[in-house]
Amino acid sequence: MAMPNQRLPRCVWFGVLLTTMAATVIVLTPIRQPSGDLDVRRTEFQTLVGGLGFGATVDLAHCAFSFDPRLQSSCDRLEGPLAGGYFLCPNHVGRAIGYPALDPTDFHISAAAGEGDHATMR
Amino acid sequence: MRRCVEVAKTGLTAILLHPVRSGATCCALLAILVPYLVGMGVAKGIEHDAARSLEAGGDLYVSGSRLGQRIPLPVEMGPRLEVLEGVQTAMPRIVGRLSLGRDKVEVIVVGIPAEDFPAKVTCVEGRLPRNGALNEFVVGTELARRLNLQVGAMLPPFYRNPRGEHVSRIVGIFASDVSLWQSHLMFGTFDTAAEIFAAEGMATDFVVTCQPGYEVAVSRAIQNMNVEAAPGTGGNVRFRVTSREQLAVLLAGGQLHREGIFNLHFVLVFVIGILVVQVTSGLGLAERRREIGILKATGWQTDEILFRGLIECILLSVGSAALSILVAFVWLRWFNGYLIAGVFISGLARAPSIPVPFQLTPVPAFLAVTLGLVITLTGSLWSSWRAAIVPPGEAMR
Amino acid sequence: MIQTKNLYKTFRDRKKGELHALQDVSLTVSAGRFVLLTGPSGSGKTTLLSLLGAMTRPTRGSITFQGRNLAECSDVELARLRRDVGFVFQNFSLVPRLAVWENITYPLIPRGIPVAARFETARRLLRRLNLEDRIESRPEQLSGGEQQRVAVARALAAEPQLILADEPTSNLDLRAAGELTELFEEIHGSGVTMVISTHSAAMLDLATDVYTLTEGKLSCG
């Protein structure tokens, strides 16, 4: 008598193996560079609009900062605090990407004599 | 070694012995890991697009600020900026917001001087706007879809200012794959944008390009410019300069820079996941306890039973993570993130009209396996351990 | 082979207080003997077999097996000692989702015996027990008598020198019980020491020693 049948049909084993291999290939495949034409189009668009868009938002409805910090250096909808020192912007809830504000304290009044009230970047 | 291999093999058998429990655990892990991987994948995709946005954009962005609030700058600032040493161009730009139609569709109006338009572009279906009697626009794909706009369509007047209002014409639609951020865009000439917002002679910001190596010097020079250099602003204006490097630092922070809410959500989800797995591991717990009792009665040691449980958890978590990666990939690639992409990208429709940017990378995948393992171990190993430490006779009862 | 001295086992129950399952039990089982334990239900037969099978620890007294006092052994040592004892349970205690051959050979896995050799062992034992055609069946597909024979095969898989059986025929009909008795006789004939608790009169004829337990106290005959 031969060995008993496998507990799972061979096709299931094949499926499990294939899933694991596919997942490995997906995550190990180097970042896909867009095709030549697409690459040109994308760069062309950004050049046309002067560089626009940075965060996980497609409009300016509530939070320009989460659309592009070049338009607004911080989020003025921070409400909170939540436990752990977190702050909550309703527009940021669950969003995939976040970044710290371009700290307005980066700008300070220059103490240089006679230069008056103007800002310098630290 | 042989002993370990044979015991490890029974870990796989244990998964198959309890299909309901294994299936429920796998489903719980999928429910946790798929949104996590989608979120991380989308974040990576956005990072790539953001990098391109920085690369193709200006070196410095100059805007005005008074009392801590952002204010527009007069267009006359442009020539003053251009005379600074190291500055190549200083292009005024208007970026504003309005809503259109009965549904109040959010629109981002961007205006650039027509003379700064390239002669020919391929990222637009149609042509670029021109200055003229009619307001001409290129619109984003989502906007075109929501307002049912085609090239050549006319937009009834949607603004009113002291100079009246104008009919607008759609002369082009952005290609859907050029950027995430084109979807709600209404792109026109600088004059048209100024007309809409009744802000003639003002610019939201200046996109400054510098000669290589001059960025810091130019930035300093702009910040040191006298306030009187900004006529028409009422004085007391500070110049706010955002440099490409500043934003590049945000990008370089990568996943570590993701702010709390996303992570906070998932910490909560993981805790709930542990509880869910604990409940699912309770499925058939009496049978499992009895089975462990039989193993012990027939000479299995506690460490062998726990090793078997560990292998079971590892296989379940690796398998579930692999399946989660596959599901996340299929969902994003072939279903374009239907329903789920909108969770991670604000303002996106349930069925996005633009290709959702994503990239699944090894780090989140490794984290998914690790988190899956932590969840399954915390959820199930405890019950196995409890069953394994009691005398076999007691466990079999 | 195995010896107990002044063995006590006391269970503590919140409602009933202390329950003395075994009191001052001293028993010596020499190699090759066929020992029967008889006595009414609740007299402590199962408890004594559990102690002899290293499945639980005595409250007091000693059990010496292979020259070691089980009362002083660690859990790991007890588990290792259990590998040298075959145990047949009253309720069969087969894993319902495992095939017959897997049930029989599960005790061999921690010894690192590969699957092909384990399968061969199961086949050999089942052939001996006339169950070879049920090698891939699940326990629920077998009759009570067949399940108990599978349990015996599992007890024999590791080729132990001592087999303990706790009322192995109590859940079987007369015919199955008779077949099992013959099987035990055959196993004993191959030199294996047997300690069996039973109410079965049929086994009395096979026994070399008979002990009776009454309210936890052991007496001869």
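Helices (H or I, at least four residues) and strands (E, at least two) are taken here as DSSP runs, numbered from the N terminus. By that definition, chain B has 13 helices and 13 strands. The radius of gyration of chain B, taken over C-alpha atoms, is 30 Å, well over the 21 Å that the globule rule (2.2 Å times the number of residues to the power 0.38) gives for 397 residues, so chain B is more spread out than a compact globule.

This is a predicted model, in which local features need pLDDT of at least 70 and side-chain atom pairs count only at pLDDT 80 or more, while totals for chains, interfaces and linings use all residues. Residues are numbered from 1 along each chain as its sequence is written, and side-chain values use heavy atoms, with hydrogens and water left out.

Some values for the whole chain are gathered here.

| Property of chain B | Value |
|---|---|
| Box filled by the C-alpha atoms, along the principal axes | roughly 90 × 45 × 35 Å |
| Share of the 397 residues that count as buried | 56% |

Buried means under 20% relative accessible area, with a 1.4 Å probe and protein chains only. Among contacts in chain B with a separation of 6 or more, 79% are between residues 24 or more positions apart, where contact means heavy atoms within 4.5 Å.

One residue can be followed in detail. Ser320(B) lies in helix α10, which covers residues 302–333 of chain B, and Ser320(B) is buried, with a relative accessible area of 1%. Leaving aside neighbours within four places in sequence, Ser320(B) is in contact with Cys26(B), Leu29(B) and Leu30(B).

Note on methods: Chains lettered and ligands numbered in written order. Buried < 20%, exposed > 50% of the residue type's maximum accessible area, 1.4 Å probe, protein only.
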